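Here are my notes on the model you sent over.

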Amino acid sequence: MSLKIVVLAKQVPDTRNVGKDAMTPEGTVNRAALPAIFNPEDLNALEQALRLKDQNPGSTVGILTMGPPRAAEIIREGLYRGADTGWLLTDRLFAGADTLATSYAISTAIKKIGDCDVIIGGRQAIDGDTAQVGPQVAEKLGLSQITYAEEILSCENGKIVVRRHIDGGVETVEAQLPIVITVNGSAAPCRPRNVKNVMKYKRAMVPMEMEPMGENLPYKDIYAKKLYLTLNQWSVADVNGDPQQCGLSGSPTKVKAVQNIVFQAKESKTLTSSDADVDDLMKELLANKIIG
Amino acid sequence: MNNVFVYCEIEGTIVAEVSQELLTKGRKLANKLGVQLEAVVAGTGITDKVQQQIIPYGVDKLYIFDAEGLFPYTSKPHTSILVNIFKEEKPQICLMGATVIGRDLGPRVSSSLKSGLTADCTQLEIGEHDDKKLGKHYDNLLYQIRPAFGGNIVATIVNPEHRPQMATVREGVMKKEILDANYNGETIIADVAKYVPETDYVVKVIDRHVEKAKNNLKGSPIIIAGGYGMGSKQGFDMLYKLAKELHGEVGASRAAVDAGFCDHDMQIGQTGVTVRPKVYIACGISGQIQHIAGMKESGIIISVNADPNAPINTIADYVINGPVEVVIPKMIKYYKENSK
């Protein structure tokens with residue numbers, strides 16, 4: 001059975017390797033200092049999607065992402081690794097979205113894509129660590145969900161069996177398609193880029209990436225011949241979205257304050273590693289019944 | 001109406017630790033707001049088995065949903081329970097654990113009710129808020145305080161217009177405290193079929209293994225934690241020795257876990273376990289923000305580090321400037337000779 005699979009992916013600042021210049025002196029995040037990457041768990045999700053495609057000939061995998069034009073990088077990366085198509089949701093009206101407004105936007109796009117069997121994404125993105133968008137999309141579409149998935153064990157006759165992580169253990173669940181799945185970082189890593197795909201898609205772009213280059217767009221004639229090199233770019237209007245439910249106006253949560261973390265320094269006693277110092281400390285801890 | 005709700009998570013008939021912690025916090029928030037604390041629990045064969053685990057935290061009203069198919073947890077039936085009861089009861093606040101279950105359920109409920117949800121809060125407070133753009137003033141909002149951006153900043157989130165204000169909190173972040181063992185709370189046995197349509201029971205759990213945690217980091221009064229500075233898996237051996245002597249547990253920083261010095265379930269910090277032992281001995285841990293977030297509530301913090309400028313030293317009560325491989329054996333030696 002061929003499947004229509006959509007991978008939800010996000011371009012995120014790499015918060016795992018934060019250098020000293022990642023924060024401005026005012027205590028805000030200096031996004032420019034952080035490299036933009038494919039959200040790690042979304043890559044785990046892409047691998048599960050590509051495996052489903054391998055096992056079910058005729059299936060397609062598309063990358064759905066939301067962000068500025070630059071986020072099309074994520075779609076290209078997905079194409080290099082074996083995806084077939086992609087959609088970039090980009091519009092100023094989407095800006096400032098919290099998880100609820102994001103899931104609204106994504107769900108309208110999924111409705112427009114239509115007839116999806118499997119919608120799969122990473123468990124959470126490393127810039128927010130909320131794990132909310134997947135389940136919120138599922139609820140908006142009225143679909144079941146399997147979160148914290150580690151491996152899709154089988155997918156036959158409209159039934160999918162998935163092993164998932166739970167607190168303190170593992171669980172195997174069975175569900176009907178269509179379904180929303182979020183994949184845990186403990187799942188198999190994503191396959192690398194395929195050289196042929198890189199050659200095929202390296203010039204793929206969304207229109208908003210091409211426009212600033214105007215007449216200087218390299219190889220501009222190929223886009224008329226090779227339609228797959230023009231990636232789908234959708235605005236709020238394109239997905240029949242309600243602007244009130246998008247971006248800042250569709251976000252019930254508001255950021256009241258942001259603080260740089262400064263831990264209150266304590267008055268500490270500094271000791272050396274000499275026998276006398278270590279013995280004194282241990283003696284004090286024993287005397288105060290903190291240990292022993 | 002307008003009360004504080006806590007979703008109680010269960011394993012079999014046992015109420016999760018995190019839910020008990022949230023009931024404690026929920027009671028405090030309810031007191032501050034002058035409203036009632038209500039709780040919801042859903043499972044199979046739980047009637048008469050959970051009240052005593054929940055009401056003593058000061059719960060005024062407990063809703064029990066007891067039916068086949070509600071345990072093990074699956075997303076849709078539990079979502080329907082919360083969504084439908086919230087439509088009736090209109091709570092102003094809803095708290096749940098930032099567990100696999102809470103993080104599966106919370107977003108669905110918030111999506112259905114179009115309400116705001118903040119994940120993994122580390123502090124919850126009641127306060128006021130001014131929306132300068134709209135020129136509106138709000139009293140008694142829930143401040144949902146959480147680390148963001150990989151733990152590099154702390155954000156305070158509010159949901160001014162939408163109810164309930166929803167938040168998840170990780171286990172160990174709040175303290176549990178029984179209010180009154182004989183607290184006079186009402187129990188309501190709900191008619192499950194009225195809340196959950198038959199079509200919700202679509203995901204079947206066909207196999208399930210839950211193992212008891214290998215360590216007792218959360219409950220241990222003494223924790224010896226190792227960082228990247230331990231150098232190797234073998235380097236951790238002396239920490240196990242010290243822990244054995246002191247009857248403590250060994251934990252680790254993310255750097256040590258990532259380097260393969262020890263198991264993932266030993267990780268302390270924002271993305272690991274949150275602990276608050278009586279004494280915390282940090283060995284070769286520099287003290288990244290994300291680690292400190294998970295242990296700063298410890299009673300006494302001792303940092304053993306060859307680097308006098310390790311950030312963790314600023315929050316330590318005692319700093320031992322010196323190599324761990326020199327200091328730890330001395331601690332073991334002194335304890336062996338002088339305890340008892």
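1. Let's start at one pairing in chain A. Strand β5 (residues 85-89) of chain A runs parallel to β11(A), and the two are joined over three bridges. Within that pair, W87(A) sits opposite N232(A) of β11(A). Bear in mind throughout that this is a predicted model.

2. Now the sheet around that pair. It is an open one of ten strands with mixed pairing, in the order β11(A)-β5(A)-β4(A)-β1(A)-β6(A)-β10(A)-β7(A)-β8(A)-β9(A)-β13(B). Note the last entry, which comes from chain B. The edges are β11 (232-234) of chain A and β13 (204-210) of chain B, each pairing on one side only. From one strand to the next, the twist averages 30 degrees.

3. Which helices pack on it? Helix α3 (residues 99-113) of chain A does, touching β1 (4-8), β4 (60-66), β5, β6 (118-122) and β11 of chain A. The direction of α3(A) makes about 145 degrees with that of β4(A). Helix α4 (residues 133-141) of chain A lies across β1, β6, β7 (144-156) and β10 (179-183) of chain A, and runs at about 75 degrees to β7(A).

4. There's another sheet that draws on both chains: six strands, open, with parallel pairing, ordered β13(A)-β18(B)-β17(B)-β16(B)-β14(B)-β15(B). β13 (269-272) of chain A and β15 (249-252) of chain B each have a single partner strand, so one side of each is left without a neighbour in the sheet. Twist here averages 20 degrees from one strand to the next.

5. Inside this sheet I'd look at β16(B). Strand β14 (residues 222-226) of chain B pairs with strand β16 (residues 279-283) of chain B in the parallel sense over five bridges, with I223(B) opposite Y280(B). β16(B) also pairs with strand β17 (residues 300-305) of chain B, again parallel and over five bridges, and there V279(B) faces I300(B). Helix α6 (residues 237-246) of chain B packs on the sheet as well, touching β14, β15 and β16 of chain B, with its direction at about 175 degrees to that of β14(B).

6. Is β16(B) mostly covered or mostly open? Covered: five of its five residues are buried. V279(B), I281(B) and C283(B) point one way, Y280(B) and A282(B) the other, and all are buried.

7. Nonpolar side chains tend to be buried together in soluble globular proteins. The largest nonpolar core has 135 residues, and V7(A), A105(A), V40(B), V41(B) and I54(B) touch the most other members. α3(A) gives the most to this core, with seven residues. Setting aside neighbours within four places in sequence, V40(B) is in contact with F5(B), Y7(B), C8(B), Y63(B), I81(B), L82(B) and I85(B). Another core, of 51 residues, lies apart from the largest one; L285(A), L217(B), A243(B) and A310(B) are among its members.

8. Last, the domains of chain B. The assignment gives domain 1 (4-200) and domain 2 (222-338), and 34 Å separate their centres, taken over C-alpha atoms. How many residues make the contact? Domain 1 of chain B puts in eight residues and domain 2 of chain B seven. On the domain 1 side, the touching residues divide into two nonpolar, five polar and one charged.

Notes:
Residues are numbered from 1 along each chain as its sequence is written. Chains are lettered from A and ligands numbered from 1 in the order in which they are written. This is a predicted model: local features need pLDDT of at least 70, side-chain atom pairs count only at pLDDT 80 or more; totals for chains, interfaces and linings use all residues. Domain bounds come from an automatic or database domain assignment. Two residues are in contact if their C-beta atoms, placed from the backbone, lie within 7 Å. Ala, Val, Leu, Ile, Met, Phe, Trp, Tyr, Cys and Pro count as nonpolar, Asp, Glu, Lys and Arg as charged, and the others, Gly among them, as polar. Two strands pair if DSSP finds at least two bridges between them. Helices (H or I, at least four residues) and strands (E, at least two) are DSSP runs, numbered from the N terminus. Axes are lines fitted to C-alpha atoms, for helices over the stretch in contact, and angles run from 0 to 180 degrees between N-to-C directions. A residue is buried if 20 or more other C-beta atoms lie within 10 Å of its own, exposed if 12 or fewer, and partly exposed in between; C-beta atoms are placed from the backbone. A nonpolar core is a set of buried Ala, Val, Leu, Ile, Met, Phe, Trp, Tyr and Cys residues joined through C-beta atoms within 7 Å.
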